[in-house]
Protein chains: 2
Amino acid sequence: MKISFQALFDQLLNVLLKNGFERQDAELCARLFAEASLDGVYSHGLNRFPAFIRDVQSGVVDPHAIPEKVATLGSALERWDGNLGPGNLNAHRCMARAIELAKAHGMGGVALRNTNHWMRAGTYGWQAADAGCLAVCFTNTIGNMPPWGGVECRIGNNPLVVAVPRKEGHIVLDMAMSLFSYGKLNIAKNQQQPLPFEGGYDQEGKLTRDAARILRTKRPLPIGYWKGSGMALMLDLFSAILSDGKSTADIGMISDANCIEQGISQFFLCFHVSQPGTPDLADRIASELVEWVHATQPADKATEVTYPGERTLRTRRENLEHGVPVDEAIWNTVLAL
Amino acid sequence: MKISFQALFDQLLNVLLKNGFERQDAELCARLFAEASLDGVYSHGLNRFPAFIRDVQSGVVDPHAIPEKVATLGSALERWDGNLGPGNLNAHRCMARAIELAKAHGMGGVALRNTNHWMRAGTYGWQAADAGCLAVCFTNTIGNMPPWGGVECRIGNNPLVVAVPRKEGHIVLDMAMSLFSYGKLNIAKNQQQPLPFEGGYDQEGKLTRDAARILRTKRPLPIGYWKGSGMALMLDLFSAILSDGKSTADIGMISDANCIEQGISQFFLCFHVSQPGTPDLADRIASELVEWVHATQPADKATEVTYPGERTLRTRRENLEHGVPVDEAIWNTVLAL
């Protein structure tokens, strides 16, 4: 079924207010969840909301916590503590601060510790691009993927976002270091569909396209095998060191039954290089490069060569016009919260 | 055959001096080439040297050019022009400047345009880590890989380096956005060995482990399929926009016979967050995380779980002690230059 963006937002807002959020926080939090679904990232929009409310109710997430600056590491680099507040509100505030720093100093960075899951990673890339900034941000996570050559989940899939502003549609890459997220693996398992590519290992240690087997071994494949494994480690190192926060070694492994993903570390970096009164450099180069990539001869007639974020924008427009697709059972759960 | 690091360095220095390099430049350039081979990156050390000298002799690379600052984009962010000088000298100077800026401001960035191939990417990560900095740097390249869904080489494999200093051995990731480099594909083809994983497409549009077929189609696979393709585009955008330099759209495609990789764009970013007199934060977190990852149960007894840069350091020590392995034909070519 489909519901309007407004109806989705109103219901999420309602539940957040009932769960002790201040009105201003509730409005931003509801908008960020609703926009994830609007943009087609259903796994981190409405579908994730019941678990978020459970985390609020169990005390993993403190709805009243406000992030605070704990150190200035230079004129344009700051360290903040998230005080275990709502991950999306903390991330949104830190990206807003990185934007502010970039507009004052050309480049601005905010490292955030003791925060919680930021829900849809891409949110903060779109936020920065809307403000005219190039941006990079990333988070560490609970250990949910084995490092290359191993079988225990000692590294996170550590999502990475890279964004470039462009008038005709921002270019926003939002990717985890695992080839397929646990969300995607669960969907493929439930639909009994093979993955489009080998996505992890089975119990015999062989690569497989069977999501159910990968979910059993908890051995999803990093992108580019050893390369994504290395990159996940570097993102963890950067977020933990710059924030003086927890690394995945401190957070623990998803395979430990009583391990909770809490108090994670993130980094937000922005660049603002447009000069007032001159043609916009980022827009010119981004538009040229989009045109160049669009002109690529496709592998076959059914294939379209797109830039990161292009389909998101299309989905957003479609869902705004025709309503946001929702899972009826989850929607009913949220109506009852 | 093996030769000593000193003999390798001396011969490269000798050739550079004969080709018009000033002594100081020649010494740095020879060291960077020799260290690439010393560290086991043979493809971008001695093996690449004859092509580099050809580029100097044909005028693609100007041995006398000095990079110069063209804009200050903020207190800690600068734009430099490489003036088509030697790529490794330009990159080394810009990373040195980024280190200097980071030590003064916590974070420092240098965007470089109109430069040339920087040879071994990892060089600049080790340089920054040796100076106690966390670092990220990347370059764009000639179009040498199709964007996801396409068949024409309109994106570069755009190598990315991420480095974290650590007393017992820096953690340095050096990876291109293609799963296998053209160098690796050529080695596999010459040895008639299948690739360890599917590395690109054959002429029927099927994924293959046959390097010879991939070299024919010029369709190497990006890491993580659509993900590495998107990441390559973002790295190109960042390096071209921040430097106001050429993107791959301006450089051209490897498949165009008369296309030359020249005047490319790069970015160097450093962080320095150690406080004098306090325990080193980067070293503590990096050492903890290395210990945690090393403790991973391996997939089988023959497998070792390592961090990026661990094997490099081992190779460096081995080659320093026992000599640097060189291809006899290439060594003889260089002796005759």
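Two strands count as paired if DSSP finds at least two bridges between them, and the strands themselves are DSSP runs of E with at least two residues, just as helices are runs of H or I with at least four, all numbered from the N terminus. With that in hand, select B:Trp80: its bridge partner in β4(B) is B:Leu112.

Before moving on, some housekeeping. This is a predicted model, where local features need pLDDT of at least 70 and side-chain atom pairs count only at pLDDT 80 or more, while totals for chains, interfaces and linings use all residues. Residues are numbered from 1 along each chain as its sequence is written, and chains are lettered from A and ligands numbered from 1 in the order in which they are written.

**Stop 1: the sheet in chain B**

Now widen the selection to the open sheet of seven strands, ordered β2-β3-β4-β10-β5-β6-β7 in chain B, with mixed pairing. Its edges are β2 (68–74) and β7 (171–175), each pairing on one side only. On average, neighbouring strands here are turned by 10 degrees against each other, direction ignored; axes are lines fitted to C-alpha atoms (for helices, over the stretch in contact), and angles run from 0 to 180 degrees between N-to-C directions.

α5 lies across β5 (134–139), β6 (160–164), β7 and β10 (264–271) of chain B, at about 20 degrees to β6(B).

**Stop 2: B:Asp174**

Pick B:Asp174, in strand β7 of chain B. Is this residue buried or exposed? B:Asp174 is buried, because 25 other C-beta atoms lie within 10 Å; the cut-offs are 20 or more for buried, 12 or fewer for exposed, and partly exposed in between, with C-beta atoms placed from the backbone. Skipping neighbours within four places in sequence, B:Asp174 is in contact with B:Ala121, B:Gly122, B:Gly125, B:Pro159 and B:Val161 (contact means C-beta atoms, placed from the backbone, within 7 Å).

**Stop 3: where the chains meet**

Show both chains. 63 residues of chain B are in contact with 63 of chain A. On the chain B side, α8(B) gives the most, with 12 residues. That side divides into 41 nonpolar, 15 polar and seven charged residues; Ala, Val, Leu, Ile, Met, Phe, Trp, Tyr, Cys and Pro count as nonpolar, Asp, Glu, Lys and Arg as charged, and the others, Gly among them, as polar.

A rotation of 180 degrees with 0.0 Å of shift along its axis puts chain B on chain A, RMSD 0.0 Å, which means a two-fold axis relation. To find the axis, centre on B:Gly224: its C-alpha is the nearest in chain B, 2.6 Å away.

**Stop 4: β3 in chain A**

Finally, jump to β3 (residues 77–81) of chain A, where five of five residues are buried. A:Leu77, A:Arg79 and A:Asp81 point one way, A:Glu78 and A:Trp80 the other. On one pairing, β2 (residues 68–74) of chain A runs antiparallel to β3(A) with five bridges, and the two form a hairpin with two residues between them. Within that pairing, A:Lys69 has A:Trp80 as its bridge partner. β3(A) also runs parallel to β4 (residues 107–115) of chain A, again with five bridges; there, A:Leu77 partners A:Gly109.

Key
Two residues are in contact if their C-beta atoms, placed from the backbone, lie within 7 Å. Copies are superposed by least squares on the C-alpha atoms of residues with pLDDT of at least 70 in both.
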